[in-house]
Amino acid sequence: MVEIVVHVPDAQSWDSVFLSGDGPELGRWLSIGARCQRFADGTHRLHVPVEQPGERVRFLATRGHWRDAEVGEWGRESRPREIELHPNTRIEHLVEGWGRQSVRYHIDFESEFLRHPHTLTVYLPPGYELEPERRYPVFYMHDGQNLFDAHTSFIGVPWGCDEIAERMIRLGEVEPLIIVGIANSPDRLLEYGPRRSGAPDDLARDYGRFLAEEVVPFINGTYRTRFDLESTGVGGSSMGGLISLQLCKWYPSLFGRCAALSPSLWWDQEAFVQSVQASSRWATTCRVWVDMGANEGGSDAGRAGMLRRARSLSEQLTQLGCDLRYYEDPHGSHHESSWGARFADVLRFLFPT
């Protein structure tokens, strides 16, 4: 057995401390991997069994969330501690501070195309501060207020995108990437709902210009991003899934990755499903995730319609040669919790290592 003794700043000695790292004993990089026991001297301790003497494992201390992970001198990101496991040993681990700045906010980002500002929430992957020459793919996601924070999310249930991405990246299952959440506005339906008729209140084209001509250049100029087609994705759920598909069609040289979770394909009398064959070049250059829950829709007929439209879209995209993953969640509903539960699989498909 190895005893890991964690020393934390005095002001936080009463907070719960977790060790997250390699292997099941350390939670396989869950932010609440293994809870330490607090002792009267202010230390927190964890006993780790030794199955293979000499095995090397990595870990970090957290306070239950990756945003509360330990940081080093001057509050900068800490590298995982690597140790070698030997029976009957004791390892001292010093935490200098807490709170990696992995999520950053750009409040009320203005647009010349839209009448309402949109707050941008940017998740930065582990290693961003440690590898200053590295550049990262970017995943732009709609309804950004629902992705990271319970206090801004619909009915207080966020997807947990930062926690999910952090773990998948540390496990080596997903390429380190930047996630940009674009919060919706009071004009959500007008911005996310393109119409064939070109109605005067259709703001979807303007929203597309906002994203392509304002948000993407701002992110590329502020953060270390990669600009190529395969490194730029767009995604969302419900109406956000619909506009993601449409944006890939409008901007085939910009977005090469797309996630449409429970897309609202009923919109405008199923216009998108009916027009997939037209201007289909985007489908041959874009990797696309489409899914639908079996429990979406307010009636049996509604659920059947949701699945019928999603299946029709997936069949057409497959025929066009699209790199597609279609998934039907047998327990999925039209809700943030269902979309968050599928997000790890979305990342594995769109941004694999």
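Two strands count as paired if DSSP finds at least two bridges between them. The legends below describe close-up views of a predicted model.

**Figure 1. Pairing of strands β12 and β14.** Strand β12, residues 118-123, runs antiparallel to strand β14, residues 178-182, and the two are joined over 4 bridges. Within this pairing, V122 has V180 of β14 as its bridge partner.

**Figure 2. The open sheet of 8 strands.** The strands follow the order β11-β12-β14-β13-β15-β16-β17-β18, and their pairing is mixed. From one strand to the next, the twist averages 15°.

Figure 3. Helix α3, formed by residues 204-222, touches β11, β12, β13 (138-142), β14 and β15 (232-237). The direction of α3 makes about 140° with that of β13. Helix α7, formed by residues 300-319, also packs on the sheet, where it touches β17 (287-293) and β18. The angle between the directions of α7 and β18 is about 160°.

Figure 4. The whole structure contains 14 aromatic pairs. In one of them, Y128 and Y136 are tilted, with 5.5 Å centre to centre and 35° between the planes. Y128 and Y136 are both buried. A single aromatic cluster is formed by F109, Y192, Y207, F210 and F218.

**Figure 5. Charged side chains over phenylalanine rings.** K249 is placed over the face of F272, 5.3 Å from the ring centre. R287 has its charged end over the ring of F349, at 5.1 Å from the centre of that ring.

Figure 6. For C248, the nearest cysteine sulfur belongs to C258 and is 3.8 Å away, and C248 is in no disulfide. C248 counts as buried because its relative accessibility is 1%. The closest cysteine sulfur to that of C322 is in C286, at 6.3 Å, which is too far for a bond. C322, with a relative accessibility of 10%, likewise counts as buried.

Definitions and conventions
Residues numbered from 1 in each chain as written. Predicted model: local features only at pLDDT ≥ 70, side-chain atom pairs only at ≥ 80, totals over all residues. Heavy atoms only, no water. Phe/Tyr/Trp six-rings, centres within 6.5 Å; stacked < 30°, edge-to-face > 60°. Buried < 20%, exposed > 50% of the residue type's maximum accessible area, 1.4 Å probe, protein only. Lys NZ or Arg CZ within 6 Å of the ring centre and 35° of its normal. Axes fitted to C-alpha atoms, helices over the stretch in contact; angles between N-to-C directions. Contact = heavy atoms within 4.5 Å. Disulfide = S-S within 2.5 Å.
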